[in-house]
Amino acid sequence: MTRDQDALHPTADRVNVNISRPQRRALADHRQDGKRFIPPLLQHLQLAEVSWTRDLLPEVLWLAVLTESYGLARGAALALSVSIAAAGAEGGQSDLLPCFTSFYASLEDESRVRIVESLGSTSDLDDIRVSLRNLLGLYPECPLGFLLGTEVPQLEDPAQATAQIKGLIAQLLDRESQAATFAQANAIYVAFVVGGLVVAEGLALANFPAIAEYPNTEESERVASSTRAALNTFAAKPPGGAWTRHFWNRGLELEGCEFGVADS
Amino acid sequence: MTDSTAADELWAMIEDYVSLLRKELAERWAQWSLDLSQPEVFEAVAALMARQVTLATQLARAPSIWNAHVAPLILRTMTDTHITFAWIWMDPPERARKFILYGLGQEKLNVEHLKLAGSERQDDVNFQGLIEAREGWLNSQRFAWLTEVDVGSWSGMDARKMAEEAGCLDLYRFAYAPFSAATHSMWQHVGRLNLEWCTNPLHGYHRVPCDPDFGSDVDYLYRAAKYVDKTFRLFDSYVGSSVNGQSGLELLLSRMEELFPLPATDAEDVLSAQENGPSTHENGPSMQR
């Protein structure tokens with residue numbers, strides 16, 4: 001190698017170094033405002049941020065538990081049963097749908113009693129109690145605890161209960177997993193029936209029943225995408241209520257941190 | 001090759017590199033026709049070039065810091081030094097003086113702060129001695145009472161602008177800026193290197209603090225060698241100097257090839273990337289084996 005071989009030793013006079021590369025500017029589609037570069041979407045929209053993990057997962061976990069116990073159709077029916085019984089109840093958080101756990105946080109005692117009585121007139125209450133027992137036993141401060149009656153459930157096998165809920169949460173942490181998608185779908189189902197959700201013909205969400213095939217068809221994937229987007233609009237504003245805060249911190253009480261490769 | 005033999009070879013390479021780098025510095029200095037009527041030019045340039053050698057040799061002799069935690073701190077300084085060096089060369093009389101006066105002003109400010117702190121430590125002989133020594137260094141060049149203090153940028157512009165003017169914007173973009181994350185402990189560094197994921201789903205996959213050990217990655221030594229060689233080449237282009245024989249970078253490359261042989265395709269990719277544009281290898285593949 002000789003000193004004349006400049007290829008390995010670029011010097012300051014190689015100012016034309018970029019000639020062989022296309023002349024593009026980084027962040028070309030961003031609007032510059034002083035030292036800030038604003039991405040296109042934020043130039044035109046005022047966005048409110050909601051986190052699936054922090055703000056929505058704790059709200060729809062109970063829906064996922066019902067689906068895990070009884071399948072999508074029966075799980076959806078049970079979720080709707082509770083939501084219909086609760087819709088219009090005194091003290092319910094009016095800016096939330098009754099598919100969200102936090103809706104039940106501020107219910108009047110009388111409303112809770114009426115909901116349980118309404119469910120008790122069908123076979124739904126027993127199925128709901130069996131399914132949600134582990135979740136409500138592990139999270140005794142869950143606003144849905146009234147569904148089990150007045151006593152905090154004593155778990156026969158706390159380790160098994162923890163394993164069940166932990167395994168389900170692991171699936172839900174992937175928002176595009178089947179479990180998470182079905183939980184979100186059940187929430188949107190409630191929104192259709194009791195929440196006044198209306199969708200224009202031709203939009204993906206208008207073919208909502210196709211989500212039952214998720215993730216095995218392209219149509220179901222389109223519907224799922226719209227479902228996720230729609231659910232964000234129903235999140236609490238601002239997000240981060242007492243239940244969602246309690247939920248994750250309760251996880252720290254249940255078990256310690258783990259390290260290494262996460263189970264897929 | 002046994003572990004002890006490999007270690008001996010590695011240290012031999014390091015020491016040979018250090019010796020050669022210092023020889024390169026001395027030879028270049030010897031070829032530069034001094035003009036003692038402009039000492040500021042020669043001293044500022046010489047100090048910065050020597051600084052590059054120091055940073056490279058100190059890093060070379062400390063394989064334990066050839067990792068993502070610490071090496072970027074030195075490499076970022078080397079890129080900063082080169083940008084400064086390159087910018088000064090565009091107008092040495094004016095800019096070398098500006099560089100030196102700014103430094104003297106900073107030293108004056110530091111001495112004043114020490115004096116304020118030392119006012120309550122009059123009996124502390126060591127502390128008072130420190131103040132005296134620092135003020136002596138300052139006054140030996142310019143009386144403190146004649147020295148301005150500038151708390152802005154010494155060049156009047158930021159490093160990016162300096163790099164752009166001096167024709168090393170790629171060095172700024174692909175080395176100075178990314179390494180700055182380590183220097184300033186910014187999120188894009190600490191979020192990656194000092195947090196690890198808790199894999200318990202019950203905790204929502206949060207992250208917890210950690211202090212991981214990394215092995216020594218010789219690629220950091222290679223980058224240091226590249227930067228000091230870049231500075232040497234720039235000096236040569238302005239002064240018309242040349243050094244016979246193998247350069248420090250060439251020695252390092254050949255010895256590293258023996259100690260850490262690359263697959264042929266990787267070496268070709270490296271050379272090709274450097275011929276077509278220097279920036280692609282600033283964050284190139286690790287040569288760790």
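This is a predicted model: local features need pLDDT of at least 70, side-chain atom pairs count only at pLDDT 80 or more; totals for chains, interfaces and linings use all residues.
User: Why is Trp154(B) called buried?

Analyst: The word buried is kept for residues under 20% relative accessible area, while exposed means over 50% and partly exposed covers what lies in between, with a 1.4 Å probe and the protein chains only. Trp154(B) has a relative accessibility of 14%, and therefore counts as buried. Residues are numbered from 1 along each chain as its sequence is written, and chains are lettered from A and ligands numbered from 1 in the order in which they are written.

User: What makes Trp32(B) and Phe235(B) an aromatic pair, and of which kind?

Analyst: Rings of Phe, Tyr and Trp (its six-membered ring) pair if their centres lie within 6.5 Å, and the pair is stacked when the planes are under 30 degrees apart, edge-to-face when over 60, and tilted for the rest. Over all chains the structure holds 19 such pairs. In this one, the centres of Trp32(B) and Phe235(B) are 5.1 Å apart and the planes stand at 85 degrees, which makes the pair edge-to-face. It links distant parts of the chain, 203 residues apart, since Trp32(B) is in the loop between helix H1 (3–31) and helix H2 (39–60) of chain B, whereas Phe235(B) is in helix H9 (residues 219–239). Helices here are DSSP runs of H or I with at least four residues, and strands are runs of E with at least two, numbered from the N terminus. Both partners are buried, Trp32(B) at 10% relative accessibility and Phe235(B) at 0%.

User: How do you know that Phe99(B) and Trp154(B) are edge-to-face?

Analyst: The ring centres of Phe99(B) and Trp154(B) are 5.2 Å apart, and the angle of 70 degrees between their planes gives an edge-to-face pair. Phe99(B) lies in helix H4 (residues 92–118) and Trp154(B) in the loop between helix H5 (125–139) and helix H6 (159–166) of chain B, so the pair ties together parts that are 55 residues apart in sequence. Phe99(B), at 26% relative accessible area, is partly exposed.

User: What makes the charge of Arg95(B) lie over the ring of Trp87(B)?

Analyst: A charge sits over a ring if NZ of Lys or CZ of Arg is within 6 Å of the ring centre and within 35 degrees of the ring normal. Arg95(B) lies over the face of Trp87(B), at 3.7 Å from the ring centre. Arg121(B) also has its charged end over a ring, that of Phe127(B), 4.0 Å from the centre.

User: How do you know that the buried residues of H6(B) line one face?

Analyst: Ala159(B), Met162(B), Ala163(B) and Ala166(B) are buried in this helix. Seen down the axis of H6(B), the buried residues fall within an arc of 100 degrees, so they line one face of the helix; the arc is that of the directions from the helix axis to the C-beta atoms. Among the elements that cover the buried residues of H6(B) are helix H3 (71–89) and helix H7 (169–183) of chain B.

User: Why do Glu164(B) and Arg160(B) count as a salt bridge?

Analyst: A salt bridge is a side-chain nitrogen of Lys or Arg within 4 Å of a carboxyl oxygen of Asp or Glu. The side chains of Glu164(B) and Arg160(B) meet at 3.3 Å, N to O. These two residues are four apart in helix H6, and are therefore separated by about one helical turn. An α-helix has 3.6 residues a turn, so residues three or four places apart point the same way. Glu164(B) is partly exposed at 39%, as is Arg160(B) at 32%.

User: What makes Arg74(A) and Asp127(A) a salt bridge, and which parts of chain A do they link?

Analyst: The side chains of Arg74(A) and Asp127(A) come to 2.7 Å, N to O, and meet in a salt bridge. The pair links distant parts of the chain, 53 residues apart, with Arg74(A) in helix H2 (residues 52–86) and Asp127(A) in helix H4 (residues 124–138) of chain A. At 27%, Arg74(A) is partly exposed, and Asp127(A) is partly exposed at 23%.

Note on methods. Side-chain values use heavy atoms; hydrogens and water are left out. Contact means heavy atoms within 4.5 Å.
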